[in-house]
Amino acid sequence: MKAQTLWQAQQTKKAIPRFTATEPNFSLRQGYEVQKDLLMIHLASGAHLSGWKMGMTSLAKMQQMKIDAPIHGFLTDKMKVEEGGEFSLKSSIQAKVEPEIAFLMGKTLKGNPSIPEALACVEAVGAALEIIDSRYLQYDFQLPDVVADNCSSSGYVLGSKWIKPSQCRDLNNLGIILEQNGKPMQFGSSAAILGDPVRSLVALVKLLSARGEKLEAGAVVLAGGATAAISLEDGAHIRGQFQGLGAVEFRVRA
Ligand code: OOG
Ligand code: MG
């Protein structure tokens, strides 16, 4: 089964060819079914669901990955890397990092909320870095493949500054800088995320609701990379600076 194949690829650090190369009819719906099976494998291994991530919500990411539709995946507590901590390349195949906006949900949300309705359920907004690591050779995938592979999810780091949405001015246009070893590598804005990262939150709720699920209180939501991702190298010091939301950083180890 495909979920097991993806799990094995991660465990053994051996990337696999995309499924659509040999099964051109592998569909997006089937991709989400595989993702659900993969979630069950993660849970059975002792991980707990901690939230959700959106993907392909900015032009920068769509152009980098040649995929043009927003997608979503799950996050678990085991993927969490402490702010200021270390991420080991031991368990990854071809890890990259990208800056994201994070939401912490205060209330459960479902259905088709408006932007104000969605914001009213957000407890706090913060800065985040997402570590992605495709289980496919050279990140070569199509939409159903990447969805099956939990949208390349691997890790995430949350900043320590969390602010109430009512206190976050211009959430739809906050400057973002992604640095490696003190050098700016990527520049962006929260505006890159569907024009407003809250739209990404709304899109997630709709996608979950369409599958009979809801966005539970307590969940973390990553709104999607605001810039293209950069590759992680041994010894790198990665830092994201977010206007109004502070900085978030970690170090890469072999
Ligand atoms: C897919 C993951 C996309 C984002 O923020 O757009 C994603 C990939 O780039 O491999 O996490
Ligand atoms: Mg991402």
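Predicted model: local features only at pLDDT ≥ 70, side-chain atom pairs only at ≥ 80, totals over all residues.
View 1. β1 (49-55) contributes the most to the shell around ligand 1, with 3 residues. Two or more residues each also come from α3 (59-65), β5 (96-105) and β6 (122-132); helices (H or I, at least four residues) and strands (E, at least two) are DSSP runs numbered from the N terminus. Residues are numbered from 1 along each chain as its sequence is written, and ligands are numbered from 1 in the order in which they are written. Local features need pLDDT of at least 70, side-chain atom pairs count only at pLDDT 80 or more, and side-chain values use heavy atoms, without hydrogens and water.

**View 2. Residues surrounding ligand 1.** The surrounding residues number 17 (a heavy atom within 4 Å), and M56, K61, E98, S152 and G225 are the closest.

View 3. Oxygen atoms of ligand 1 lie 3.0 Å from a side-chain N or O atom of K53, 3.0 Å from a polar side-chain atom of E130 and 2.7 Å from a polar backbone atom of G225. The protein covers 100% of the 320 Å² of accessible area that ligand 1 has on its own (Shrake-Rupley method, 1.4 Å probe).

**View 4. The loop residue K66.** K66 sits between α3 and β2 (71-76). Its phi is near 55°, a positive value in a residue other than glycine. Most residues other than glycine have a negative phi.

Definitions and conventions
Polar contact = N/O pair within 3.5 Å; in protein donor to acceptor, adjacent residues only side chain to side chain.
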